Amino acid sequence: MVTTMLAVARISPSRVGAVINRNVGALRSGPSYWLVLLSGFFEPVLYLFSIGVGVGALVGDLVLPGGRTVEYAVFVAPAMLAVSAMSGALAETTFNFFFKMKYSKTFEAILATPVKPFEIAVGELAWALVRSTVYTGAFLVVMVVMGLTSPGWALAALPATLLVGLAFGAVGMAISTLMRGWQDFDMLTTGQFALFLFSGTFSPVQDYPAAFEVAVAVTPLFHAVELVRGLAIGELSWGLLGHAAYLVVMAVAGLAFAARRIQRTLCV
Amino acid sequence: MSKQPLQSLIHARGLVKRFGDFTAVDGIDLDVAPGEAFGFLGPNGAGKSSTMRMIGCVSMPTAGELRILGMDPVRDGSRIRARLGVCPQLDNLDPDLNVRENLTTYARYFGLSRAEARRRAEELLDFVQLRDRAASQVEPLSGGMKRRLTIARALVNEPELVLLDEPTTGLDPQARHLLWERLFRLKQQGTTLVLTTHYMDEAEQLCDRLVVMDGGRIAAEGSPRSLIETYSTPEVVELRFPDEADYAGKLEGIGRVDPLPDRILLYADDGDAAVAEVHRRGLTPSSVLVRRSSLEDVFLHLTGRTLVD
């Protein structure tokens, strides 16, 4: 912890900027990146339409724990917003990060310069946050246009989605440093999909069996969904701070672990 | 043997690098002076790359003393790396960037401004003769071009000390000569070069001074010429015989005899005289080659085996 704090103190904004600048430069490498970027955005949007709106027509209205009654799509949309924040950040810090660390040796090349492992981790996380924010910004516009939230609550939810991006980006990066090869990503994808289905995304967790509800409450996307939903639909409570705290811990621990692993793996 | 410590860009005493139970570098002493071209010669696994990574401040010494540019790599790694240029053994150019962007992006890691990065990239594209390919992606480049780009990238921060790990391994002769010529120009401009190689001709071409490494230790140190003078004779006769009989014994007394699987080396001050003596003894080798002694002979003498990987 002390070493992490020292690393934060000595971090150079210009070197972190250079790491981000590299990823901006890579945007020009060809259309493939943009295709991936676009498909990543549309995935939660498609779920919003098919399940939130489509299945929602069958489900009807939903009574929230607080007693308020909302359309099913209003309930599902913030969850999809949290999911797009998660998947935008994860896409960068898992697949792209892993490729740069293991295959293209990009980080190895960078570490021969004054840039330090911690600065690479921070730069990569910042870049993941950019992608995550592009997703969530566009998604919030869709929500406002569809009347699923108000512009004011949309603005309130935006910082929450940033925190979600940071938390998942950091943990994804930490996991990537442990990956042995592409086959390990299958497990990650499966895990991500399980979180997507069961984190109070499509039905309130209170409807689950009690033991299952407790299990869900330990997993990260649940906290992301609760925090983002509370703000997007204007249901504020002190509990939101608890969810935010969970995500802050994820972000800090993930970042510190990833930086350490970069050092351990590449500086030997 | 060593220069004044204060004038050393690289100063090592008893430098050790261990990976678990394996000792890659086993207590070496080094001093490299400014402006020098210094080489590590040795087979794969001799500890050259491990030493280079420690000098490059990406790998920390397990034991011993190491000062680079007068600083401590453990404490000042980032500050030292700011003044180094590193050309790694395997090209790690950025596949998502084109040739020019590989240089400008790399310059930014050293804190150079966008404008300065562009200026240096243009200069270096000319220096390594890649101007025509500036907008090309990295992947389609030939091995020699990639190497030149990696070297250009290593120079983007105008380093005082350039580390080259096997700069020409795997390149064709034309590409090697072009690279040597560029490296020689760098040396003339006063840049200190440290390189590893397992090519004797490369060491002879480029290095003012070199160490022969074997099994993590330094087996010998000196200029290419002095090493040859110390550990070999001015000339070497290479003899091949049509059959497997023991010719080594029959050559005794002419000079030092070194039987290799496919030929016999005869170390002599005067090669032609040695050949005359071979014939006088009634021996009829199928081929005879008299040549000047090279670093290969030094290596053979020091380690008892040929320099192959």
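UniProt positions are given here in the numbering of the model, and the annotations may be inferred rather than shown by experiment. With that in mind, the UniProt record, an unreviewed entry, places the feature "domain: ABC transmembrane type-2" at residues 35-265 of chain A. The structure itself is a predicted model. Within it, the annotated span of chain A is 79% helix and 3% strand, and its end C-alpha atoms lie 31 Å apart.

Helix α4 (residues 72-103) and helix α7 (residues 151-176) of chain A have axes that come within 8 Å and cross at roughly 30 degrees. The crossing of α4(A) past α7(A) is right-handed. Where these two helices touch, the residues comprise 15 nonpolar, 8 polar and 1 charged.

Another helix of chain A, α6 (residues 117-145), holds A:M143. This methionine has 26 C-beta neighbours inside 10 Å and therefore counts as buried. Apart from neighbours within four places in sequence, its contacts are A:A77, A:L81, A:L148, A:T149 and A:A154. A separation of 9.6 Å lies between the C-alpha atoms of A:M143 and A:L48, although 95 residues part them along the chain.

Turning to chain B, the UniProt annotation "domain: ABC transporter", again from an unreviewed entry, covers residues 10-240. That span is 37% helix and 28% strand, with 44 Å between its end C-alpha atoms. Chain B as a whole contains 11 helices and 13 strands, and its C-alpha atoms fill a box of roughly 75 × 45 × 35 Å along the principal axes. Of its 309 residues, 47% count as buried. Among contacts in chain B with a separation of 6 or more, 68% join residues 24 or more positions apart.

Helix α8 (residues 224-231) of chain B shows how burial can be arranged around a helix. Here B:P224, B:L227, B:I228 and B:Y231 are buried. Viewed down the axis of α8(B), these buried residues fall within an arc of 100 degrees, so they line one face of the helix. They pack against α7 (200-206), β8 (209-214), β9 (217-222) and α11 (295-303) of chain B. On the face turned away from the buried side sit the exposed residues B:R225 and B:T230.

Two loop residues of chain B deserve a look at the backbone. Most residues other than glycine have a negative phi. B:L69, however, has a positive phi near 50 degrees. B:L69 is placed in the loop between β4 (63-68) and α2 of chain B, and it is buried because 20 other C-beta atoms lie within 10 Å. B:E158 likewise is not a glycine and has a positive phi of about 50 degrees. Its position is the loop between α5 (143-154) and β6 (161-165) of chain B. With 12 other C-beta atoms within 10 Å, B:E158 is exposed.

Finally, the two chains meet at an interface in which 18 residues of chain B are in contact with 22 residues of chain A. On the chain B side, the elements giving two or more residues are α2 (73-81) and α3 (99-109). Helix α3(B) gives the most, with 4 residues. By residue class, the side of chain B that touches chain A divides into 7 nonpolar, 6 polar and 5 charged.

Notes
Residues numbered from 1 in each chain as written. Chains lettered and ligands numbered in written order. Predicted model: local features only at pLDDT ≥ 70, side-chain atom pairs only at ≥ 80, totals over all residues. Contact = placed C-beta atoms within 7 Å. Nonpolar A, V, L, I, M, F, W, Y, C, P; charged D, E, K, R; others polar. Arc of directions from axis to C-beta. Axes fitted to C-alpha atoms, helices over the stretch in contact; angles between N-to-C directions. Left-handed = near helix turned anticlockwise from the far one by under 90°.
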